[in-house]
Structures are given as C-alpha cells and as structure tokens.
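Welcome, and thanks for taking a look at this model. Please open the sequence and the structure side by side, and then walk through the points below.

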Amino acid sequence: MMELAGIPRPFLSVSGTCQGVELHLDAKTVSFGPVVHGTTVTKRVLLFNTGDVGVKFQWDTTPLGTDFTLQPAEGFVQAHNDVAIELTYHPATVMKTSVIEGLCCRIQDAGAEPLLLNVNGQCVDVPPVSEVLKFQTTVRKAQVKQIKLNNPTGSLWRLRPQVDSESWLLQPQVLEIKPQETASLDISYLPTVCSKNRPPAPGAPGAAPGTASSDTSVAPEKAMLFIPLPTGVAKLYQLEGIADPPTAVADYSREVQCKVLHTEKVVVANWLKRPQRFRVTRSFGTSEAVIKGLDEIDVPPQASRDYKFTFLSYKESVTKGTVTFTNEETKEYLFYNFTFKALPPAIVETIALRAPIRQKAVHTLTIENPLTNRPITLTSKCDSADITLVPPTLTIGPATEGTVSVVYFPLVMRPQELTAKLSHSCAELGEFPYLLKLSTTSPAPEKFVRFQCALGGSQTQTLRFVHFARQATEFACKFQDPKGGVFTKTNGQAVIKVPAV
C-alpha cells in the first residue's frame with residue numbers, strides 16, 4: 001500500500017503456492033493376535049497421500065522374515081488418493097510371538113520422512129477337534145456328508161479347507177461365505193481300498209514298535225479336516241471311514257440258445273492312478289456249461305477295458321456264477337453276477353426225404369462229441385414209423401465223430417408231405433433235434449407174370465409178394481381185367497391174412 005495525497009492506494013499484490021509431499025498410514029500398529037498354526041490371516045493398512053503430487057513408495061520387507069508377507073511392496077500413489085497395503089500372517093512355529101518394530105516405508109522424495117509401522121502376532125497350537133465325522137460305505141462308492149460354516153463378520157470369506165487323506169474329497173475346494181451368512185461344505189468319503197485289506201498304521205493297537213498292527217479287527221481309516229478361518233482361529237474335524245467289501249458291479253441275466261456259443265462282454269475299470277493287472281476268476285460251479293476267457297487283463301490308469309468270455313451249454317439248464325477281477329498285489333477286486341438260462345436247442349438240420357412206396361431213401365448224419373475227457377452214448381428216436389435209425393444206439397469217443405443212417409421206407413402212399421421229429425440224445429449233451437420232411441411217390445409196377453395156354457384151357461400160377469408191415473395185415477386181392485371173367489382166384493380167398501414181421 002502507498003499513500004497518495006493522503007489517500008491509501010494499492011501499490012503491489014504478491015501471491016504464491018508451494019507443492020509439498022505428505023503421506024501417512026491409517027494405523028501405526030497392526031496386531032494379528034493369536035493365530036492358529038497352519039492358518040493365514042490378512043489385514044489391510046491404507047497409505048494416504050494428502051500432498052499435492054503423486055509419489056513412489058517402497059517397503060523394506062527384510063524384517064518380515066518367513067512369518068509375514070506384504071503386498072504391494074512398492075508402488076505409486078496419486079495425489080489425494082490412497083493405496084491398500086495387505087499384510088498376511090502365516091506363522092510356521094507354534095507358540096512363537098513375532099514382533100516387528102518400525103517396519104519402514106521409504107518415500108522417493110528427498111525431503112520426505114519415511115513411514116514406520118509396527119507389526120505383531122502370536123502363533124498358537126491347533127485347536128482341539130470340533131467334531132468327529134464317521135463314514136461307512138462300500139469301497140469305491142462315495143458317501144457324502146455336510147458341515148455348515150457361519151461367517152459372523154462383515155467381510156467376504158474365502159476358505160480353503162485342507163484334508164490330509166486322498167480318501168476324502170472336498171467340494172467346493174474354495175468355499176465363499178458372504179457376510180452374516182452360512183454355507184455348506186460337502187465332504188465325500190471315496191475309499192479305494194477295502195478296510196480289511198488296508199494295513200494298520202504303525203503304532204496301532206496290537207502293532208509292535210516300527211511295525212504294522214497284527215490286530216485282525218477292522219479299524220477305521222482316519223484323517224483330519226482343517227479349516228482355517230480369516231479371524232485367526234480354525235476348525236478341526238476328525239474323519240473316520242470304514243470301507244466295506246465291494247458289491248457286484250452289475251447283475252446280468254441272459255437267455256441263450258442251447259448248443260450255441262454265446263459271447264458276453266463286461267467293462268473292467270481301473271480306479272487307481274497307476275496301471276493294474278487283474279486276475280480273472282470265472283466261478284460258475286457247474287460242469288454242464290463250457291465257459292472260456294482270458295485269465296488276466298491289464299487296465300491303464302483311471303481307464304477301462306472290455307473283457308469278453310464265452311458261454312456254451314449243451315443242454316437246457318440254469319447256470320449261475322460270478323466273474324471276478326482281482327488285483328493280486330492289493331487284494332482289491334470287482335465282480336459281476338451272471339445267470340444264464342439255456343433254452344431248448346434249435347433244430348440242428350431239416351432233412352427232406354422222398355421215396356417210392358416200398359423203396360428206401362437213406363440220409364447219413366454226422367454227430368460230433370465235443371467232450372475231450374469222456375465218450376458219449378447217443379440214443380436215437382423218431383416219431384414216424386417209416387423211419388429206421390441205424391444204429392439206434394451209438395457210442396462216440398472223446399473229441400471224435402460218429403454217423404447214424406436215417407432210412408426212410410414208406411409203405412403207404414400219402415398224397416401230402418409229412419413232417420416228423422428225429423432226435424439223438426445223451427445225458428452229457430442233451431438232445432440234438434432234427435426235422436424230417438417226408439414225401440412218397442407211386443410205386444413202380446411189379447415184374448410181369450406171363451400166362452400161356454390153349455384156347456379153352458386154363459393155367460394156374462402162384463403170385464408171391466413180400467410183406468413189410470410190422471403188424472398183422474390183411475391184403476385184398478382183386479383183378480382189373482378189361483375182359484371180365486378171364487382171371488379168377490383158384491382158392492376162393494378174397495382176403496389174404498399175413499402175420500406181423
């Protein structure tokens with residue numbers, strides 16, 4: 001200001017600004033308190049920049065050691081802004097108290113003072129078991145149980161439960177629980193080893209020092225479920241599981257044709273992460289059926305292979321049994337139950353025979369004995385009187401063939417084709433059925449009988465014919481003489497009676 005003619009007048013106006021750096025933390029001490037061994041707790045500290053320019057910062061993480069982690073360790077904070085610094089406490093030693101005084105955060109400005117932060121925490125032992133969860137299921141079949149977890153805080157929880165056995169599966173592996181809500185964790189017991197085949201842990205009851213238990217009782221498989229909570233505490237569950245022997249993978253019932261080879265297929269699954277070789281046992285307890293297949297099968301890790309075997313029954317029967325696949329190393333196994341019902345045999349062959357009256361038609365049948373250890377005796381029969389089987393009884397040696405002649409000898413003219421049933425049977429192989437189609441044709445004339453005599457004279461001759469009927473029969477004799485009265489029967493017999501053959 002200046003005075004001019006006694007009046008104050010503005011003379012000069014001066015103004016200016018100064019840009020300074022100013023940072024501070026929202027807390028000077030971060031205390032984690034007691035934290036359970038094996039858990040992880042994260043806390044947040046805000047770094048405020050209330051100055052006029054953005055600056056870089058860098059934490060000295062050397063004092064943190066192995067128990068603490070800080071993120072981000074360095075960065076840039078804009079003017080009038082803040083950055084969240086996350087400190088994570090993951091203690092590794094029980095009953096250890098960790099204290100860090102003056103953890104330094106350097107500001108990359110020549111005139112700025114570093115920021116200091118105090119950090120402390122205490123590692124405590126695992127808490128006692130909250131609950132014992134008991135499972136019992138068939139080996140390789142899952143049993144699922146649930147536990148409910150509550151989040152009483154105002155922040156979102158992301159829990160990572162841990163279990164120390166591959167026999168238990170957790171779903172989900174990362175469990176999210178919203179503030180003031182409850183979520184469920186699924187615990188599945190999926191044993192791959194039957195309890196009776198699993199060796200007891202060293203030191204179990206009945207076990208010598210450094211050896212497995214000799215106790216024959218089935219002890220449950222045990223595991224621990226550890227659920228660290230963001231509050232620094234944890235929940236601990238003891239899991240106990242008993243794996244019962246497996247049940248049948250499937251029960252199959254089949255109807256198959258007798259004397260027809262049937263091929264059956266089953267799926268063999270490998271539940272392990274390594275190859276398995278299975279010994280195959282086919283237990284049907286009968287000698288009436290022939291069951292064949294490979295005695296071993298190799299299955300790649302966590303894959304499956306088809307196993308085929310054949311079934312052949314020679315006669316009507318019901319055959320029950322199992323096909324078992326056993327890992328001889330681990331004694332684990334799987335099996336299928338089967339019931340085979342052998343239906344009556346189909347017609348082996350249809351044979352057509354045609355012959356004139358009183359003449360023979362012959363067909364030869366070849367029959368095989370598939371048994372390699374004993375002979376069979378076949379008995380043949382037919383429901384037609386015109387059929388003769390030669391021989392009626394036939395013995396065939398092991399793994400050889402025999403023949404039977406089917407002789408068709410019709411005695412009566414039939415205008416239509418007839419069918420007949422023919423069968424060969426034995427106790428070992430059952431029945432071999434055949435179908436015969438029989439037809440006849442008119443007989444050829446017998447040989448001529450010549451008469452020669454003088455006019456007005458007479459001549460007598462005896463006519464002979466062969467009688468083939470198997471029972472007593474009456475034959476009628478008549479003349480078909482275009483010149484009636486020329487031929488007469490001398491003995492006056494209109495009917496000729498003949499005995500059975």
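**Briefing: surface, sheet and rings**

V449, F451, L463, F479, V486 and F487 come together as a nonpolar patch on the surface, with about 540 Å² of accessible area together. This is a predicted model, in which local features need pLDDT of at least 70 and side-chain atom pairs count only at pLDDT 80 or more, while totals for chains, interfaces and linings use all residues. Residues are numbered from 1 along each chain as its sequence is written, and side-chain values use heavy atoms, with hydrogens and water left out.

**The surface patch**

- A patch is made of residues with over 30% relative accessible area and no salt bridge, where like charges are joined within 9 Å and nonpolar side chains (Val, Leu, Ile, Met, Phe, Trp, Tyr) within 5 Å.
- A salt bridge here is a side-chain nitrogen of Lys or Arg within 4 Å of a carboxyl oxygen of Asp or Glu.
- Accessible areas come from the Shrake-Rupley method with a 1.4 Å probe, and for residues only the protein chains shown count as cover.
- L463, one of the patch residues, sits in the loop between β36 (430–441) and β37 (473–476); strands are DSSP runs (E, at least two residues), numbered from the N terminus.
- L463 counts as exposed because its relative accessibility is 55%, given that exposed means over 50%, buried under 20% and partly exposed in between (1.4 Å probe, protein chains only).

**The five-stranded sheet**

- An open sheet of five strands runs in the order β21-β28-β27-β23-β25, with mixed pairing; two strands pair if DSSP finds at least two bridges between them.
- At the edges are β21 (251–257) and β25 (296–299), each of which pairs on one side only.
- Neighbouring strands of this sheet are turned by 25 degrees against each other on average, direction ignored; the axes are lines fitted to C-alpha atoms, and angles run from 0 to 180 degrees between N-to-C directions.
- Inside the sheet order, β27 (residues 317–326) and β28 (residues 333–343) pair in the antiparallel sense over 10 bridges, and T319 stands opposite F340 in β28.

**Aromatic pairs**

- The whole structure holds 17 aromatic pairs, counted when ring centres of Phe, Tyr and Trp (its six-membered ring) lie within 6.5 Å; planes under 30 degrees apart are stacked, over 60 edge-to-face and the rest tilted.
- Y307 and F325 make an edge-to-face pair, 5.2 Å centre to centre with 85 degrees between the planes.
- Y307 belongs to strand β26 (residues 304–313) and F325 to strand β27, so this pair ties together parts that are 18 residues apart in sequence.
- Both partners are buried: Y307 has a relative accessible area of 2%, and F325 has 0%.
- F309 and F338 also pair edge-to-face, at 5.4 Å centre to centre and 85 degrees between the planes.
- Since F309 lies in strand β26 and F338 in strand β28, the pair ties together parts that are 29 residues apart in sequence.
- F309 counts as buried at 1% relative accessibility, and F338 at 2%.
- Ring pairs join Y252, F284, Y307, F309, F311, F325, Y336, F338 and F340 into a cluster.

- In β33 (residues 393–396), L394 and I396 make up the covered face, and T393 and T395 the uncovered one.
- In a regular strand, side chains alternate between the two faces of the sheet.
- β31 (residues 376–382) pairs with β33 in the antiparallel sense over four bridges, and I376 has I396 in β33 as its bridge partner.
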